[in-house]
Amino acid sequence: MSLRPELERLLAKFGQDTQRIEDSVLIGCSKQHEAWFALDLGLNSSSSLNASLQKAEMEIELKGSFTDLRKALFQLNTKDASLLTTAQALLRWHDAHQFCSRSGQPTKKNVAGSKRVCPSSKIIYYPQMAPVVITLVSDGTRCLLARQSSFPKGMYSALAGFCDIGESLEEAVRREVAEEVGLELERLKYSASQHWSFPNSSLMIACHASVKPGQTEIQVNLKELEAAGWFSHDEVATALRRNNPYTQQQNGTFWLPPKLAIAHQLIKEWVEKPSCSTLPA
Ligand SMILES: NC(=O)C1=CN([C@@H]2O[C@H](COP(=O)(O)OP(=O)(O)OC[C@H]3O[C@@H](n4cnc5c(N)ncnc54)[C@H](OP(=O)(O)O)[C@@H]3O)[C@@H](O)[C@H]2O)C=CC1
Ligand SMILES: [Mg+2]
């Protein structure tokens, strides 16, 4: 069944140009091979009064309610969260790449939204993501967690950092850990990866790493981190079992990133198998 007439009706009802359907991007397909597209309703670009009026009308019409993207992500299952981050990342990329950086002319989206082309210079632009390494360092019995001042109060995570141009993942992991806490790594083991939308599209590459038992003294780089420290297996296992960050904030206890974040998976993996960082890659 085509939803296009229904979408055209909705756009017209809310005073939007129905041609905007052409801005949709392909984000996946159902088990029955129906294509799924995403469209930015443009509510953030309207004047604030207009936007809030339209949002209220849309909520009634669609029998739902708008919510903050980050909050929504943590309430969805993995499949829906992945669709939502793909949609958001792709739509935001298109919005920010309307012009060719060589000719200055408008670029044109292909139907699926997988690229944009400049009709004048013929340059093809593809959506970009930045590779980011995230590393859980262990000394065999404890793991190293850190927080940035921008994190929600009380939340600690693994060490993360953007890869520099020309670096391998291994080099990026070793450099980031050395820069942020002054440790030299012994072993490194790849764990998993995840697309991450905040603040812009990143491919998070998660690794376990170990330091030599005698070389565990950290020097926290206060330009990058607010605090960092070693946490025992019991402390981390207890924090993982607590599942309500809001009560933890009030109690002053530390808490860990939510399940959907790859940092959570990495920490959980270590709690379940502390030797994972010392096994051969
Ligand atoms: N999914 C998850 O579980 C987690 C995800 N993260 C994500 O990892 C990312 C990286 O972690 P973070 O510790 O901030 O990184 P870094 O330790 O690399 O520090 C950030 C700084 O790196 C510089 N930088 C280099 N390349 C880029 C780039 N492509 N985009 C933006 N900044 C760049 C900027 O410095 P300057 O301003 O000097 O140019 C920026 O302030 C964050 O976006 C965070 O959201 C972090 C933890 C958990
Ligand atoms: Mg960092």
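How many bridges join strand 4 (residues 116-117) to strand 5? Two bridges join them, and the two strands run antiparallel. This tour starts at that pair and then moves through the rest of the structure.

The model is predicted, so local features need pLDDT of at least 70 and side-chain atom pairs count only at pLDDT 80 or more, while totals for chains, interfaces and linings use all residues. Residues are numbered from 1 along each chain as its sequence is written, chains are lettered from A and ligands numbered from 1 in the order in which they are written, and side-chain values use heavy atoms, with hydrogens and water left out.

**Stop 1**

Two terms are needed here: strands (E, at least two residues) and helices (H or I, at least four) are DSSP runs numbered from the N terminus, and two strands pair if DSSP finds at least two bridges between them.

**Stop 1**

Select strand 7 (residues 142-147) next. Five of its six residues are buried; here buried means under 20% relative accessible area, exposed means over 50%, and partly exposed lies in between (1.4 Å probe, protein chains only). Arg147 stands opposite Ala227 of strand 11. In a regular strand the side chains alternate between the two faces of the sheet.

**Stop 2: the magnesium ion**

Select ligand 2, the magnesium ion. Which residues coordinate the magnesium ion? They are Ala160, through O, and Glu180, through OE, at 2.1 to 2.2 Å. The pair links distant parts of the chain, with Ala160 in strand 8 (residues 159-162) and Glu180 in helix 5 (residues 169-181), 20 residues apart. Donors are N, O and S atoms within 2.8 Å of the metal (3.2 Å for Na, K and Ca); water is not among the atoms, so sites may look incomplete. Ala160 is partly exposed at 25% relative accessibility, whereas Glu180 is buried at 3%.

**Stop 3: ligand 1**

Select ligand 1 together with the residues around it. There are 19 of these, and Gln148, Ala160, Phe162, Glu180 and Ala263 come nearest. A residue is near a molecule or strand if one of its heavy atoms lies within 4 Å of it. Strand 6 (130-138), strand 8, helix 5, strand 9 (188-196) and helix 8 (262-272) each supply at least two residues of this shell.

- Gln194 has a polar side-chain atom 3.2 Å from a nitrogen atom of ligand 1.
- Glu224 has a polar side-chain atom 3.3 Å from an oxygen atom of ligand 1.
- Ile262 has a backbone N or O atom 3.4 Å from an oxygen atom of ligand 1.

The protein covers 58% of the 920 Å² of accessible area that ligand 1 has on its own. Such areas come from the Shrake-Rupley method with a 1.4 Å probe; for residues, only the protein chains shown count as cover.

**Stop 4: salt bridges**

How many salt bridges does a search of the whole structure find? The search finds 12, a salt bridge being a side-chain nitrogen of Lys or Arg within 4 Å of a carboxyl oxygen of Asp or Glu.

Select Arg9 and Glu6, whose side chains meet in a salt bridge at 3.1 Å, N to O. These residues are three apart in helix 1 (residues 4-13), so about one helical turn separates them. Arg9 is partly exposed at 39%, and Glu6 is also partly exposed at 39%.

Then select Lys13 and Glu61, which form a salt bridge at 2.7 Å, N to O. This pair links distant parts of the chain: Lys13 lies in helix 1 and Glu61 in helix 2 (residues 48-62), 48 residues apart.

Finally, select Glu176 and Arg175, which form a salt bridge with the closest N and O atoms 3.1 Å apart. Both residues are buried. A network of salt bridges links Asp164, Glu167, Arg175, Glu176 and Glu179.

Key: Polar contact = N/O pair within 3.5 Å; in protein donor to acceptor, adjacent residues only side chain to side chain.
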